[in-house]
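Hi everyone, thanks for coming.

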Amino acid sequence: MSLADILGPLQQPLVTVLDTPVSWTEVLGFGSGALCVWLVARQHIANWPIGIANNIFFVLLFTQAGLYADAGLQVVFITLAAYGWWTWTHGGGPGSSSLPVRRTSRTEWTWLVAAGAVGTLALTLLLDRATDSTVPFWDALTTALSLMATYGQCRKRLESWWLWIAADVVYVPLYAYKGLYLTSLLYVGFMALCVLGLINWRRGGASREQPVVRAAV
């Protein structure tokens, strides 16, 4: 049995929404994605393996839709998930079994904004010249915002939720434009869960102190 034989059924239509077929891949991505964000909001370590499964489903989905930067982003997410999984369990330092929620420092913001701007520009040029993407800038922008947010999530930075919300504001109309209506709806739910996560993490008492660099870095 080949890989195509295994993946083929996942790409078959399951239901039709607004005259657009919705595949098993999109449905499974919907469910695992919603569960992952809910677990992150509750600071539950199981968000990482669920998130990895979600990334795999989205690699298939976005490749089919021609969202190549988003497809490649999922591969990066899997790597970052492994890092985040380790950091959440080992990044709290000696005598601590978990990583505390903290504020993003000015230095981190400087590097994040600079990396996000450069990444958006570079990806836009790459997608425009090397692929048949019809939305190179928006695909690149959401990729950059998502990577910035994922870094913050891995380090339990409170402001990572604002970055996710900003990305979702773009993702919702982008996926609808590409005909991924269920995924677009999923990201509306993501925004609601991000607000919940922001509230929960803020209630947890995020420190405004400068983060201490530990072995996880």
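So, at what angle do helix α7 and helix α8 pack, and how far apart are their axes? Helix α7 covers residues 160–177 and helix α8 covers residues 181–203; they pack at about 170 degrees, with 8 Å between the axes. Axes here are lines fitted to C-alpha atoms, for helices over the stretch in contact, and angles run from 0 to 180 degrees between N-to-C directions.

Before I go on, a word on what you're looking at: this is a predicted model, where local features need pLDDT of at least 70, side-chain atom pairs count only at pLDDT 80 or more, and totals for chains, interfaces and linings use all residues. Residues are numbered from 1 along each chain as its sequence is written, and side-chain values use heavy atoms, with hydrogens and water left out.

Back to our pair. α7 and α8 are therefore roughly antiparallel to each other, a label for angles over 145 degrees. Who makes that contact? Its residues divide into 19 nonpolar, four polar and two charged. Nonpolar here takes in Ala, Val, Leu, Ile, Met, Phe, Trp, Tyr, Cys and Pro, charged is Asp, Glu, Lys and Arg, and the others, Gly among them, are polar.

Now zoom out. The protein chain has eight helices and two strands, and from the N terminus on they run α-β-β-α-α-α-α-α-α-α. Those are DSSP runs, numbered from the N terminus: helices are H or I with at least four residues, strands are E with at least two.

How much is tucked inside? Of the 217 residues in the protein chain, 47% count as buried, meaning under 20% relative accessible area with a 1.4 Å probe, protein chains only. The largest nonpolar core has 43 residues, and among those with the most contacts inside it are Trp 161, Tyr 175 and Tyr 187. Such a core is a set of buried Ala, Val, Leu, Ile, Met, Phe, Trp, Tyr and Cys residues joined through side-chain atoms within 4.5 Å. The largest share of this core, ten residues, comes from α7.

Last, the span 109–127: its end C-alpha atoms lie 26 Å apart, and the span is 100% helix and 0% strand.

Methods: Angles under 35 degrees count as roughly parallel, over 145 as roughly antiparallel, 65 to 115 as roughly perpendicular and the rest as oblique. Buried means under 20% relative accessible area, exposed over 50%, partly exposed in between (1.4 Å probe, protein chains only).
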